[in-house]
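Subject: Structure for your review

Dear colleague,

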Amino acid sequence: MNEMTTIARTTTLKDWETDQEVRWCPGCGDYAILKAVQRTMPEIGTAPENTVFISGIGCSSRFPYYMETYGFHTIHGRAPAFATGLKLANPGLDIWIVTGDGDGLSIGGNHTMHLIRRNLDCQIMLFNNEIYGLTKGQYSPTSRVGTTSPSTPYGSVDRPAQPAAFALGAGARFVARGFDVSKELPNVLKAAHAHKGAAFIEIFQNCIVYNKDVFEDFAAPKGAEDRQLWLKQGEPMLYAKGTKGIALDAEALHLKTVDVVDGDWEAAGVIVHDVTNRSVAHMLVEMRFGEFPMALGVLYDDPRPTFEADVVRQNKAAAEGKKADLQGLLKKGQTWTVTEGGPEL
Amino acid sequence: MATAVADEAGKRQSPLSDAVVVRFAGDSGDGMQLTGGQFTLSSALAGNDFATFPDFPAEIRAPQGTLFGVSAFQINFGSSAIDTAGDAPDVLVAMNPAALKTNVPQLKQGGLIIADEGEFNDRNLAKAKYDANPLDDGSLAKWQLLKLNISQLTMDAVKPFGLGNKEALRCKNMWTLGLSLWMFDRDRQPLIDWLNAKFAKDPNLAAANVAALNAGHAYGETAELAGPLKQHHVDPAPVAPGLYRTLTGAEGIALGLVAGAQLAKLPMFFGGYPITPASAILHHLSRLKEYDVTTFQAEDEIAAICSAIGASYGGSLGVTSSSGPGIALKGEAMGLAIMTELPLVIVNSQRGGPSTGLPTKTEQSDLYQAVYGRNGDAPMPVIAARSPGDAFECAIEAVRIAVQYMTPVMLLTDGYIANAAEPWAVPDLTAYEAFPVEFLTEVPEGGFKPYGRDEKLARPWVKPGTPGLLHRIGGIEKEVDTGHINYAPGNHQTMTDIRKAKVDGVKVPDQVVELGAEGGKLAVVGWGSTFGPIHQAVRRQRAQGADVSHIHIRHIWPLPANLGQLLKSYDKVIVPEMNTGQLKTVLRDQYLVDAKPVNKVSGQPFTIAEIEAAIEDALP
């Protein structure tokens, strides 16, 4: 999000669709995410020509081909590096990075970390399906322990990475969660776009071929209210139709679930969500599903100066009052003149 | 060196006895590179032509006194054209036993050793693995030996300034420099001015260094030396009038890239990651913000090139730079730049390999990597610089090809060129023809084709942000014209052919013969930093009547159109390279010529004598 993209522009969903045939497996969660993004863009009011989708490699990384914007389908794991160069070359562009759990956290984990640390102004959508889809079903860095796959026939033994915790640990100033078919996803995307700086969004995505319904435990519509905690700025952390909430166990210094009787959440000690509270954000990203509901929505949002703004500022300051006189530069340093009479300083 | 003097062979026939080679060697903490650098400046001011060879260890501060911690700086200066840093030194300044041991074998027979005997104590002798003191046991008999207690003489000279022991001893290099200036009849004043400027914040330290410099000079002037020390005046070399400066290869590349970007009328984006010996380019460029240069120190080599490609996509001139191991990491991204047909300059400052290899030593062993080292049929232009001054020209050429043909270009230099200095006649920038880039900004007649092509087969360059020209690019095979994903067999064949034809069609100047004639008994074909020793060796052999010519290739890929015919006009072709025969293989493959390899992979440049021997072997 930046000055140029705030130029109002009226578009419709159709304006954001390309003429390319979408090639994901029928029923893939990626379709729902694509629609959510295409639906969100007109609401953001940005211009398609000023928007760039950059991806790495994987199922999710085909995304740019389906957006009627500028798009760059790059190489495995490196989308953040391309985005960094592009944004520094033209800070006015609105850049969206599309990556997956393998692309963004395995082969490209290093770049994801540094992009977030530097706080480049962009949106990072990490589609987490806990599996390698495009290479036909191997376990991924977010797969749960025991995942059987072609490369782990006896079950995976390594513990999974937690994308939101990883992002926050890398210094993220915006961390959000959503899932493919959620009606709330456009709101999460809008919040991410409104945040100036690196906005990290973990989007749980159903791979119907290799890891079907792995998120059903919290994403299934039936009983969702008992298993999803949608965080809203300034509102108490309530779920299960307001009968349960999240509170702080002040003695043990961790979160706990509490019962809310007669709607009196204050008496139950339920925390009011403050998106700028980094300590609480650290606890929210670590909140284990099962014992707790799945924390969704904007977990943390507290902007600070962006990388490209600081680079531009420093470049300007360093160039201040200096003339770009290359001929003069060539003559700089230890020079001497050779005349017919010989050299002199 | 190759720039200052007119290049006609006739002017360069003067005997070589009027050139002197001095090698300063000491512990890596002794300031030998600084001593050498300042001696170089004084040579320039004396009007000598020169070439230098800094030779230092990979360790930043190797344990004191050890053999692997020796740092040396060699300069060859004289009153005739100088092409190399010299084969065998005439004078060796050895600041400790380890410096003597590692450097004395190269010293010319009868050459002069100046040794700091104050450092030849039992401890240092043991570290250098000497059983007996070589200054006393007669083992240096074939050279002239001058033993001076430089440590003590320096301590005495700086005593009035009340420095600590360690700081006082640090002035040793200035004492040595003072003595060297006297030996070659040099003016001290520029050095004194330089010291006062360098230590402006600490006038006492400046004064101590000046005192050490003066004391060394006075020692030469007044000491009644029975031995070999005598003043030696080297006359100025005849150079064309004009403004000169010293230039290292890293400076040449950095300035050439800036000049290239200006000629293309583009902002420059440089993505780099620190690596020896390429980092100096990043350091130079990071101080040039007023030239519309953005530098980015990325998290790794891959991010460095990917960010540069991202910037090129955005309409900047993307540049990245590294050395062999880093270039290996960038390979996949180079393929993407080839596939998406975006301009990019990749500078490879080659060093000894494979793997980590010899980080601070020079080699030319990345030619295969540059020409062939990517997955798929991935053609890319490759240019090689022969000297620091030539690096400036080659950088401009690399930028020109990259933006005119929409392609990544690799520019090869090496550790020797990167660090070595030579006098450089400052060019007049108005003499260079501009090649301003024209971005596509609106739909052309017949519709917008992201992979449509001009007569050079280059596709249009469109900046994101341009209305009406929205499109997607990526690494998957592109459909002809539209750039859409296309896996069809015929399309891949066509696109592969187009990518090859585009690079094959890059216009490069015809190959010239540097020295000698077109056709004859023997051609010595080189590329890159071997220019100096090949040129001198061929000149010497021709002076003795040998039918031998020197050909030096700048455009490694595509090769000059006339090269095949030219090579076939000689009875024999030899190819000296600091690798096991890489250009040789390319020439054999391209032209079916019986090119014979002459190889050296010791981390040291060729000597003139080695090339002369190869010429003598090749000629019946």
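**The contact between the chains**

In this predicted model, the contact takes 59 residues from chain B and 53 residues from chain A, two residues being in contact if their C-beta atoms, placed from the backbone, lie within 7 Å. On the side of chain B that touches chain A, the elements that give two or more residues include helix 1 (32-45), helix 9 (249-264), helix 11, helix 13 and strand 15 (472-474) of chain B. Helix 11 of chain B gives the most, with 9 residues. By residue type, this side of chain B divides into 34 nonpolar, 17 polar and 8 charged. Here Ala, Val, Leu, Ile, Met, Phe, Trp, Tyr, Cys and Pro count as nonpolar, Asp, Glu, Lys and Arg as charged, and the others, Gly among them, as polar.

The chains are also joined by strand pairing: strand 2 (residues 70-73) of chain A and strand 15 of chain B run parallel, with 3 bridges between them. Strands pair if DSSP finds at least two bridges between them. The bridge partner of A:Gly71 is B:Arg472. Helices (H or I, at least four residues) and strands (E, at least two) are DSSP runs, numbered from the N terminus.

**Helices 11 and 13 of chain B**

The axes of helix 11 (residues 301-313) and helix 13 (residues 331-340) of chain B come within 9 Å and cross at roughly 15°. Axes are lines fitted to C-alpha atoms, for helices over the stretch in contact, and angles run from 0 to 180 degrees between N-to-C directions. Helix 11 and helix 13 of chain B are therefore roughly parallel to each other (angles under 35 degrees). Helix 11 of chain B contributes B:Ile302, B:Ile305, B:Cys306 and B:Ile309 to their contact, and helix 13 of chain B contributes B:Ala333, B:Leu336 and B:Ala337. These residues divide into 7 nonpolar, no polar and no charged.

**A sheet in chain B**

Chain B holds an open sheet of 6 strands in the order 2-3-1-4-5-6, with mixed pairing. Its edge strands, strand 2 (49-55) and strand 6 (144-148) of chain B, each pair on one side only. Strand 4 (residues 91-94) and strand 5 (residues 112-116) of chain B pair in the parallel sense over 4 bridges, with B:Val91 opposite B:Leu112.

**Conventions**

Residues are numbered from 1 along each chain as its sequence is written, while chains are lettered from A and ligands numbered from 1 in the order in which they are written. Local features need pLDDT of at least 70, side-chain atom pairs count only at pLDDT 80 or more, and totals for chains, interfaces and linings use all residues.

Yours sincerely

Technical notes: Angles under 35 degrees count as roughly parallel, over 145 as roughly antiparallel, 65 to 115 as roughly perpendicular and the rest as oblique.
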